[in-house]
Amino acid sequence: MAGKTLYDKLWDDHVVSREDDGSALIYIDRQLVHEVTSPQAFEGLRLAGRKPWRTERNLAVADHNVPTTDRDKGIADPVSRLQVETLDKNCREFGITEFDMADLRQGIVHVVGPEQGATLPGMTVVCGDSHTSTHGASAALAFGIGTSEVEHALATQCLMQKKSKNMLIRVDGNVAPGVTAKDIVLAIIGKIGTAGGTGYAIEFAGEAIRQLSMEGRMTVCNMAIEAGARTGLIAVDEATIDYYQHRPFAPKGELWDKAVDAWQQLHSDADAQFDKVVVLDAAGIKPQVTWGTSPEMVVAVDQSVPDPADETDSVNQQSMQRALEYMALTPGQNITDIHLDKVFIGSCTNSRIEDLRQAAEVASGKKVAANIKQALVVPGSGLVKKQAEEEGLDKIFIEAGFEWRDPGCSMCLAMNADRLEAGERCASTSNRNFEGRQGYGGRTHLVSPAMAAAAAVNGHFVDIRKQQGAQL
Amino acid sequence: MKAFTQLKAIVAPLDRANVDTDAIIPKQFLKSIRRAGFGPYLFDEWRYLDRGEPEMDCSTRPLNPDFVLNKPQYKDAQILLTRENFGCGSSREHAPWALEDYGFRAIIAPSFADIFYNNCFKNGLLPIVLDADVVDSLFNEMEPGYQLAIDLEAQTVTTPTGRTIHFDIDENRKFRLLNGLDDIALTLQQADKIRAYEAERAKRAPWLFQ
């Protein structure tokens, strides 16, 4: 019998019961809760007179609607304020731990989970948020769910699920200096497409993945969903174990040792069979920039905007034409000739300490270009912010002309006051370049933190590999 | 949850691939703490010429005359015909809520994004996967008043000319949708199994059960 993939092991470990059609009731070890996708779930519990199955398995934090400035003044938008207050109220009523807006540990749910050790290797992790795939960076089976399933997981600590197929994406060799986790995952999405991973759990492996820090691995797994896969996974190694030691929610003492022993098994067996294998050569990956309105519409920074006329499939051709129109770009235009209006460094993809360090290194001693109306740096959590300030990164950003903000989802999806105005063009370290995502009529180019910082100080995209002093 | 058994209804063609959930229901409407009332904001940025805000009265907003749902012949559509990877992106269940609240009961596409597909079944909305060629043929044969008949029990879509097309669906999902069952109540029938699993797992992973 063939060995098991990491996904197979995690799945088998959590099956409570199996149905005849291959679906199974699986146990959920951890649910993360935020304010946008939970109010209707709590309301459902109330209406049915139900209580959470295990309150301590849930951890809540408001992130989507929170302001990133003047927090002591509260939330100006009454609709946003009601949603955040509703989360506070629901957590109190149901006895769920919440890091509220005043808590130093507050931040983006997918930054907070690993940072606290609330999401651990070997766990099943769910959240009413598609970027829950982030937590797979530590070999947790983590996936986004809708609000009905949030309610279901609250009430039963289980979900009825159909097993996904197994895909291995191997990135062999080493990336060049200046090429980051973000570029790797954008290159992967460019290769397999936004639906390439639909129906699969993707395990990322290979030398280039192994060499990433835990923060970098989170960036890669975060965007598995942008390739269509609900779940991204990376096997446990020394970096994983080191990362979790001494985290507040991680086990201690003898239990830590037991956990580490178990976590050492969290890798695919050598003879495991995957339904699909995709291989990339890391040396061939350059800094990436999206040009369109889907993350798969991506090219290397030294390329130009593609021409729909070269596309043979008529549906794709129409999508490209529509995207070019929305983005106000012309085929053949050099990526480095695209000028920006705003820059956003943040989001659950790229707001961890390593991301801020990479951006600060590029911004250090430089000034945000005159044509950039606003350049935001939004740390992923209060603790990331604190650490960055201890390292003096805030000063580098502020001196360069960036705004140094409080933690939250911010301009990734513009549910708070941080947004693009119609027609504005943004270099963004977030994960989605959909129409209107960062604000009605806004135009988004997805890039790495270093590329975003370089775009901020130059006013247009530049090849980070050619920037002086870039030692990333 | 509403049960779904059979439906014969007008079809609206949305000829786009990779329609994301941000397009289906933009973020500003997600601030609502209610489950109902999203229908008027379905496809808001495509459907209206102005910028939509929560709790806006949509009856006086300027409509985009080119958008398919604004054409009078699709006014009563309950079936949406669309292209690959429908519902990609955000996990927001507000997307199926908005589609259902608007009046759609079924969506036909060559493929759906996983989370969206799953969310549909929680809301009495039937997502039907048909081969890209078949979907293409349905787009091509559409004419005024075009209707399709869907039979979930038989797993068929029937065209006006009597062509019957089979579709696949998991037994478990089909059963729940046919009967409009409450998923949580069904799972709680297995409470003993959940407790037995917890007891066994606590031995293997004691750090999770401190």
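This is a predicted model: local features need pLDDT of at least 70, side-chain atom pairs count only at pLDDT 80 or more; totals for chains, interfaces and linings use all residues.

Biologist: Which residues of α5(A) are buried?

Modeller: They are A:T147, A:S148, A:E149, A:V150, A:E151, A:H152, A:A153, A:L154, A:A155 and A:T156.

Biologist: And what does the backbone do just after α5(A)?

Modeller: Just after that helix, A:Q157 takes a positive phi of about 60°.

Biologist: Let us turn to the two chains. How many residues of chain A are in contact with chain B?

Modeller: In chain A, 79 residues are in contact with 62 residues of chain B.

Biologist: Which residues of chain A lose the most area to chain B?

Modeller: A:Q40, A:W53 and A:Y440 do, and together they account for 12% of what the chain A side buries.

Biologist: What is the area buried between the chains?

Modeller: About 5,800 Å² is buried between chain A and chain B, and carbon and sulfur atoms give 54% of that area.

Biologist: Why quote an area for an interface?

Modeller: The size of an interface is often given as the accessible area lost when the parts come together.

Biologist: How many salt bridges and polar contacts are found between the chains?

Modeller: The rule finds 10 salt bridges across the interface of chain A and chain B. The count of residue pairs in polar contact between the two chains, both residues at pLDDT 80 or more, is 38.

Biologist: Which elements of chain A supply at least two residues to the side that touches chain B?

Modeller: Among them are the strands β1 (15-18), β2 (23-27) and β8 (158-162). The helices include α2 (39-48), α3 (78-94), α5 (147-156), α10 (253-263) and α11 (314-327).

Biologist: Which of them gives the most?

Modeller: That is α5(A), with 7 residues on the side of chain A that touches chain B. The residues of that side divide into 29 nonpolar, 28 polar and 22 charged.

Biologist: Could you show me one salt bridge? I would like a pair to look for.

Modeller: The side chains of A:E421 and B:R51 meet in a salt bridge, at 3.8 Å from N to O.

Biologist: Now A:Q83, please. Is A:Q83 buried or exposed?

Modeller: A:Q83 lies in helix α3 of chain A, and this residue is buried, with a relative accessible area of 0%. Buried here means under 20% relative accessible area, so A:Q83 falls within that class.

Biologist: What does A:Q83 touch?

Modeller: Not counting residues up to four places away in sequence, A:Q83 touches A:E35, A:V36, A:P39, A:N65 and A:M415, as well as B:L30, B:K31, B:S32 and B:I33. The side chain of A:Q83 also reaches the backbone oxygen of B:K31 at 3.3 Å.

Biologist: What does chain B itself contain?

Modeller: Chain B has 8 helices and 7 strands. Of its 210 residues, 60% count as buried, and its C-alpha trace spans about 65 × 45 × 25 Å along the principal axes.

Biologist: Finally, where is B:E141?

Modeller: B:E141 is in helix α5 of chain B, residues 132-141. This residue is partly exposed, with a relative accessible area of 27%.

Biologist: Which residue does the side chain of B:E141 make a polar contact with?

Modeller: It is B:Y146, through its side chain, at 2.7 Å. Not counting residues up to four places away in sequence, B:E141 touches B:Y146, B:T159, B:P160 and B:R163.

Notes
Residues are numbered from 1 along each chain as its sequence is written. Chains are lettered from A and ligands numbered from 1 in the order in which they are written. Side-chain values use heavy atoms; hydrogens and water are left out. Contact means heavy atoms within 4.5 Å. Buried area is the accessible area (1.4 Å probe) that two parts lose on being put together, summed over both. A salt bridge is a side-chain nitrogen of Lys or Arg within 4 Å of a carboxyl oxygen of Asp or Glu. A polar contact is a pair of N or O atoms within 3.5 Å; within protein, one must be able to donate a hydrogen and the other to accept it, and residues adjacent in sequence count only if both atoms are side-chain atoms. Helices (H or I, at least four residues) and strands (E, at least two) are DSSP runs, numbered from the N terminus. Ala, Val, Leu, Ile, Met, Phe, Trp, Tyr, Cys and Pro count as nonpolar, Asp, Glu, Lys and Arg as charged, and the others, Gly among them, as polar. Buried means under 20% relative accessible area, exposed over 50%, partly exposed in between (1.4 Å probe, protein chains only).
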